[in-house]
Amino acid sequence: MQKLKLLLSLRRSLQKNGFVSQPRRSFSALPSYTEPGYLQQEEASFSIFSCVLISLLQLLLCHMFDAYELVLVEGRANSRAAILNRPSALNALTASMAARLNRLYESWEENSDIGFVMMKGGSDRAFCSGTDVVALYQLLNEGKIEESKAFFQSLYKFVYVLGTYLKPHVAIMDGIVMGGGAGISLPGMFRVVTDRTVFSSPEVQIGFHPDAGASYYLSRLPGYFGEYLALTGEKLNGVEMMACGLATHYSPKEKLPWIEERLGNLITDDRSVIETSLAQYGSLVYPDSRSVLHEIETIDSIFCHDTMEEIIEALETKVAESNNKRYTMVLDKIREASPLSLKVALQSVSLAMPSARKIHLFAFIIHDSDLSICAKFEDTGREVPNSRPVSC
């Protein structure tokens with residue numbers, strides 16, 4: 001409705017200023033002595049021009065309103081909340097969403113009336129499932145490489161903005177948190193997970209690599225657990241995220257309304273006050289006996305190596321000696337992944353590569369990624385091709 005009102009207002013303005021012709025009725029007893037053919041030709045040309053102009057403006061306005069609808073804003077007493085609102089795609093990020101997040105966060109940081117900022121998903125199933133890889137593939141398939149790069153530059157810029165944000169930030173990561181979804185939340189100050197949170201970095205399975213700040217937060221996990229997550233795409237629940245340090249607070253799903261109400265009433269920019277409010281509704285939790293975190297010593301002994309060849313050899317030895325189902329599955333997943341993506345992911349986490357270099361890295365591997373993305377998301381009947389391996 002808001003789009004329609006604005007478009008109607010725009011059309012009236014164009015008509016008023018003579019850009020769009022309006023049909024007029026006239027009644028006269030006098031004959032017309034003008035050249036009808038000439039006037040009709042001029043009117044037809046002008047009508048074509050006005051229709052093209054209107055169409056272009058409509059496309060521009062629709063694109064602008066799409067961004068507004070996909071990232072909603074809630075105003076609070078002394079804070080603002082960005083709400084990812086693309087439930088049909090599990091809140092997967094688009095170029096317009098990344099650009100809007102940049103604009104919002106930069107303006108909020110400069111606003112002295114705003115003490116802190118929140119982000120949450122507008123879906124019951126997901127906080128954010130990461131980058132919209134299907135849309136990315138479509139851009140690549142149309143030869144729009146520069147537009148693909150521009151999207152990642154916008155996304156990486158937001159990750160940097162969040163990682164260096166001057167005001168406290170609270171991310172409520174309820175539901176699915178994958179890939180870029182982790183990138184737009186984990187760099188912030190407070191990271192709240194729930195009993196429905198599911199985290200993973202599955203990029204190597206589609207021919208890409210963990211990006212959007214992943215090399216930073218994965219490289220700072222205990223031992224070689226970050227390398228393990230990057231190379232296997234292993235899923236973690238909220239409790240496991242707390243235990244390994246990816247999250248700062250855990251709360252059952254049913255307590256989230258209380259947390260949001262409490263934070264919404266705060267008038268502060270003091271991180272300790274926000275910390276106390278979050279802890280008030282938090283829970284003390286421990287990983288269950290089946291958690292992968294109980295395998296951390298074995299994981300360290302396998303994923304401590306410098307090359308993928310050595311890691312695979314260590315996995316094969318472990319499977320041969322113990323016939324362990326967990327490591328058999330891990331070995332199978334690694335063998336199914338793109339060799340190039342595996343090598344890039346390993347080096348990225350091991351070296352904690354800066355974001356500026358990752359943009360150039362994206363340009364290098366994007367041509368190898370498109371076929372894998374296609375096979376995974378566009379044509380499930382095709383065999384997923386392995387990207388060409390490189391020596392590290």
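Let us start with Y228, which counts as buried because its relative accessibility is 0%; buried here means under 20% relative accessible area, exposed means over 50%, and partly exposed is in between (1.4 Å probe, protein chains only). The model is a predicted one, in which local features need pLDDT of at least 70 and side-chain atom pairs count only at pLDDT 80 or more, while totals for chains, interfaces and linings use all residues. Residues are numbered from 1 along each chain as its sequence is written, and side-chain values use heavy atoms, with hydrogens and water left out.

Helices (H or I, at least four residues) and strands (E, at least two) are DSSP runs, numbered from the N terminus.

Now turn to the rings. Rings of Phe, Tyr and Trp (its six-membered ring) pair if their centres lie within 6.5 Å; planes under 30 degrees apart count as stacked, over 60 as edge-to-face and the rest as tilted. The count by this rule comes to 8 aromatic pairs. One of them joins F225 and Y228: their ring centres are 5.9 Å apart and their planes stand at 15°, so the pair is stacked.

W258 and Y281 make a tilted pair, with 6.2 Å from centre to centre and 55° between the planes. W258 lies in helix α10 (residues 256–264) and Y281 in the loop between α11 (271–280) and α12 (296–303), so this pair ties together parts that are 23 residues apart in sequence. W258 counts as partly exposed at 46% relative accessibility, whereas Y281 counts as buried at 17%.

Elsewhere, Y105, W108, F158 and Y165 form one aromatic cluster. Y105 and W108 are among the buried residues of α3, which also include S96, M97, A98 and L101. How far apart are the end C-alpha atoms of α3? They are 23 Å apart, which agrees with the 22 Å that its 16 residues should span at 1.5 Å a residue; the expected span is 1.5 Å times one less than the number of residues.

A salt bridge is a side-chain nitrogen of Lys or Arg within 4 Å of a carboxyl oxygen of Asp or Glu, and the structure holds 12 salt bridges. In one of them, K157 joins E106, with the closest N and O atoms 3.3 Å apart. K157 lies in helix α5 (residues 145–163) and E106 in helix α3, so the pair ties together parts that are 51 residues apart in sequence. K157 is partly exposed, at 41% relative accessible area, and E106 is partly exposed too, at 29%.

Another salt bridge brings together the side chains of R86 and D132 (2.8 Å, N to O). R86 sits in the loop between β2 (79–84) and α3 (95–110), and D132 in the loop between β4 (126–128) and α4 (133–141), so that distant parts of the chain, 46 residues apart, are linked. R86 counts as buried at 18% relative accessibility, and D132 counts as buried at 14%.

R290 and D288 form a salt bridge as well, their closest N and O atoms being 3.5 Å apart. Here R290 counts as exposed, at 68% relative accessibility, and D288 as partly exposed, at 38%. Finally, E74, R76, K120 and E260 are linked in a network of salt bridges.
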